[in-house]
Amino acid sequence: MASIRCKACGKTYDYRKEGFCPKCGAYNRPPRQEWVDAEGTVHYAGQEKECYEEKVCYEEQTRRPKPYIRQHVPKKGIIGAVIAVIVIIIQLNLVRGCVANDFGSIFGGKEELTPNYPDYGWEQEAPAEEIESTAREYAEIGASFYLEDSAFAVASLKADWEEDILTVYVVEGDTYQTFPYLVIVGDDGFEDWNYPYDVSAAVDEHVFVCTYDLSVLEDLTGDTSLIFSGFDKEVAVPVDLAQW
C-alpha cells in the first residue's frame, strides 16, 4: 500500500487510489521514490521512460556538397612563350628606333624623315562678303508702280475697327503676281510683317481684295505700310490708319 498522511487533517490514505484526502479533500503531493545505481546516477520512480525506437539522422545524406571550383593555372610552357613574345616585341621596337636614327643621320638629320603632309591651307580665309539688303522704293495710294516688269497699284483701302479688319483693293498686271504685307514699325525699329489672311478676286480679273486682321497687331501707332516684294527690290505704300 502506497500510503500517505494528510498534512491538513492527519488521515492516512492510499495516494494511488485516492488523488485527494477522503476526509478533508486536501491534495498532498506523494513522496518521490528514488534510487542510485552502481554508477552513481540517481533514478526517480515513474519519471523515466525507456525509448526503444531507433533514430537515424539523414542530415549528412541530404546536405548538398560544396561545388568544387577548378582554378585554371596556365602551364609553365605557355607562360614562358608569352614572356618570350613580349621580349621580342620590345627588342624589335628598340632596333627600329636605332635604324631610324641612323638613317636620319645619314640623310641629313630627322628633318628628312618627317613625312610630307599636304598643305590644307590653314591660312585665314577672307571674310564673307556682306549681303546687300533689298532696295526699297515708295509709292502713294492710287499711284501705279512696276515690280518685275508688271504694273501694280493700291486702288483703295478701308479699316473697320468694329471688326478689326483692314480691306485693301490691289490692282495687278499679268506677268508677275504678289500680295502685299502689312508692315508696322515699332518704337525699337523692329518691323512686324503680317500677310493677309484672306485674298479674293473682285469683279475685274486684275483687282484682288486683301483682308488683314488688325486684332493681332499690338501697336498701331507706328509707321504702317503695305510692302510688295520682288526679286531685286520691294515697294512700300505708306498707310495712315489713324485717318479711319
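This is a predicted model: local features need pLDDT of at least 70, side-chain atom pairs count only at pLDDT 80 or more; totals for chains, interfaces and linings use all residues.
Me: Which strands form the open sheet, and in what order?
Reply: Five strands make up this open sheet, in the order E5-E14-E13-E9-E10, and their pairing is mixed.

Me: Which strands stand at the edges?
Reply: Strand E5 (135-138) and strand E10 (191-194) are the edge strands. Each has a single partner strand, so one side of each is left without a neighbour in the sheet.

Me: By how much are neighbouring strands turned against each other?
Reply: On average the angle between neighbouring strands of this sheet is 30°, with direction ignored.

Me: How do E9 and E13 pair?
Reply: Strand E9 (residues 181-185) and strand E13 (residues 223-229) are antiparallel and share five bridges. Val 185 has Asp 223 of E13 as its bridge partner, and Ile 184 stands opposite Thr 224 in E13.

Me: And how many bridges join E13 to E14?
Reply: Six bridges connect E13 to strand E14 (residues 233-239), and the two run antiparallel. One of the pairs consists of Ile 227 and Ala 236, the latter in E14. E13 and E14 form a hairpin, with three residues between them.

Me: How many residues of E13 are buried?
Reply: Five of its seven residues are buried, so E13 is largely enclosed by the rest of the structure.

Me: Changing topic: how many salt bridges are there?
Reply: The count comes to three salt bridges.

Me: Which side chain meets Glu 191 in a salt bridge?
Reply: The side chain of Arg 136 does, with an N to O distance of 3.2 Å. This pair links distant parts of the chain, since Arg 136 is in strand E5 and Glu 191 is in strand E10, 55 residues apart.

Me: Are those two buried or partly exposed?
Reply: Arg 136 counts as partly exposed because its relative accessibility is 29%. Glu 191 also counts as partly exposed, at 26%.

Me: What about Arg 136 and Glu 234; how far apart are their closest N and O atoms?
Reply: In the salt bridge between Arg 136 and Glu 234, the closest N and O atoms are 2.7 Å apart. Arg 136 lies in strand E5 and Glu 234 in strand E14, so the pair ties together parts that are 98 residues apart in sequence. Glu 234 has a relative accessibility of 11% and therefore counts as buried.

Me: Which residue forms a salt bridge with Glu 137?
Reply: Lys 233 does, and the closest N and O atoms are 3.1 Å apart. Here too, distant parts of the chain are linked: Glu 137 is in strand E5 and Lys 233 in strand E14, 96 residues apart. Glu 137, at 38% relative accessibility, counts as partly exposed, whereas Lys 233, at 18%, counts as buried.

Me: What is Val 168 in contact with?
Reply: Leaving aside neighbours within four places in sequence, Val 168 is in contact with Val 154, Ser 156, Leu 157, Phe 208, Val 209, Cys 210, Tyr 212 and Leu 226.

Me: One last topic: where is Glu 148 found?
Reply: Glu 148 is in the loop between strand E6 (144-147) and strand E7 (150-160). Its phi is near 55°, a positive value in a residue other than glycine. Most residues other than glycine have a negative phi.

Me: And what is the phi of Asp 149?
Reply: Asp 149 has a positive phi of about 60°, although it is not a glycine. Asp 149 is also found in the loop between E6 and E7.

Me: Are these two exposed or partly exposed?
Reply: Glu 148 counts as partly exposed, at 26% relative accessibility, and Asp 149 counts as exposed, at 73%.

Note on methods:
Residues are numbered from 1 along each chain as its sequence is written. Side-chain values use heavy atoms; hydrogens and water are left out. Two strands pair if DSSP finds at least two bridges between them. Helices (H or I, at least four residues) and strands (E, at least two) are DSSP runs, numbered from the N terminus. Axes are lines fitted to C-alpha atoms, for helices over the stretch in contact, and angles run from 0 to 180 degrees between N-to-C directions. Buried means under 20% relative accessible area, exposed over 50%, partly exposed in between (1.4 Å probe, protein chains only). A salt bridge is a side-chain nitrogen of Lys or Arg within 4 Å of a carboxyl oxygen of Asp or Glu. Contact means heavy atoms within 4.5 Å.
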